[in-house]
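Dear colleague,

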Amino acid sequence: MLFLGITAPGFLSVDNLFSIILNVTFIGVMACGMTMVIITGGIDLSVGSILGLSGVVMGLLMHDLGLNPVLSILVGLLVGMAAGLTNGLLITKVKIPPFISTLGMLSIARGLAYVLSEGWPISPFPKSFTSQGQGMVGPVPVPVLYFAGVAIIAYIFLRYTIVGRRIYATGGNLEASKLVGIKTDRILIMVYVINGLLAAFAGFLMTAWLGVAQANAGQSYELDVIAATVIGGTSLQGGEGTILGTVIGAIIMGVLRNGLILLGVSSFWQQVAIGAVIIIAVAFDQLRGGKEG
């Protein structure tokens, strides 16, 4: 940040710092759910598509059917939970590896979003809905407050509840967890449902912020979500990770992307830089795991 503050004009301005936090809100909300999934030793590639599908469902219910915004949001969140539940059942009951089952859900959810919207953007929405994404509380954008609330709840849930401890135990040693009586299938299904719920919640925030629902919303976000989680210290080998680390990882991703834009780096080289950061973070995690082993 010191380097960017010196070399990138306007980087340390208050407006730009709040812009960075606002832009990492959607990634950060999803990364809280992804942290729980990765702690159990899993992965979820479908979060970006679930975001897009949930946003389209909320948009259609409000715009085409005139449904109350609150009810539309609730239905959209249920769609995300249903997608997560499907992922969890495929992984635990059908024994499909997380990478394959969530890759399939990535395609299904994105396809459904295009089918339902016929590829067209959906708008406008009631003011009471868009104010949740475009409103301000003092200098702080409302979505940032939602992000803070999600992060605090997820932190308390993982750190101070029995279920949170069982999530760590399941990821640390699946067989040992079964032997001590932990119902690991229920734990795994639950974390994928939570992950789907938070992806849908990010879909609500993004749709309200943009004021339009689009089938391609959140495309390729799964990469940034996983990167933020791993950069924040969550081990891809399972059993380790914190919500605080994930929040820091999401902010690092936002700072990196914003700094590259202010320095005039082309979008192509931005992808190269972010890909390199992801590889370095994963390599560090693997080396750390190897040493501990």
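Below I go through the confidence of the model and then its salt bridges.

Please keep in mind that this is a predicted model. The protein chain has an average pLDDT of 91, and 94% of the residues score at least 70. Confidence is highest in helix α4 (residues 69-92), with a mean of 98, and lowest in helix α1 (residues 2-7), where the mean is 64. Where pLDDT is low, the predicted coordinates should not be read in detail.

As for charged pairs, the count comes to 3 salt bridges.

In one of them, Asp-224 and Arg-257 meet through their side chains at 2.7 Å, N to O. Asp-224 belongs to helix α11 (residues 221-231) and Arg-257 to helix α12 (residues 243-262), so this pair ties together parts that are 33 residues apart in sequence. Asp-224 is buried, at a relative accessible area of 13%, while Arg-257, at 24% relative accessibility, counts as partly exposed.

Another salt bridge joins Lys-93 and Asp-185, whose closest N and O atoms are 3.4 Å apart. Because Lys-93 sits in the loop between α4 and α5 (98-117) and Asp-185 in helix α10 (residues 184-210), the pair ties together parts that are 92 residues apart in sequence. Lys-93 counts as exposed, at 53% relative accessibility, whereas Asp-185 is partly exposed, at 23%.

Glu-175 also forms a salt bridge with Lys-178, with 4.0 Å between the closest N and O atoms. These two residues are 3 apart in helix α9 (residues 174-179), and are therefore separated by about one helical turn. Lys-178 is partly exposed, at 39% relative accessibility.

With best wishes

Key: Residues are numbered from 1 along each chain as its sequence is written. This is a predicted model: local features need pLDDT of at least 70, side-chain atom pairs count only at pLDDT 80 or more; totals for chains, interfaces and linings use all residues. Side-chain values use heavy atoms; hydrogens and water are left out. pLDDT is the predictor's confidence in each residue, from 0 to 100. Helices (H or I, at least four residues) and strands (E, at least two) are DSSP runs, numbered from the N terminus. Buried means under 20% relative accessible area, exposed over 50%, partly exposed in between (1.4 Å probe, protein chains only).
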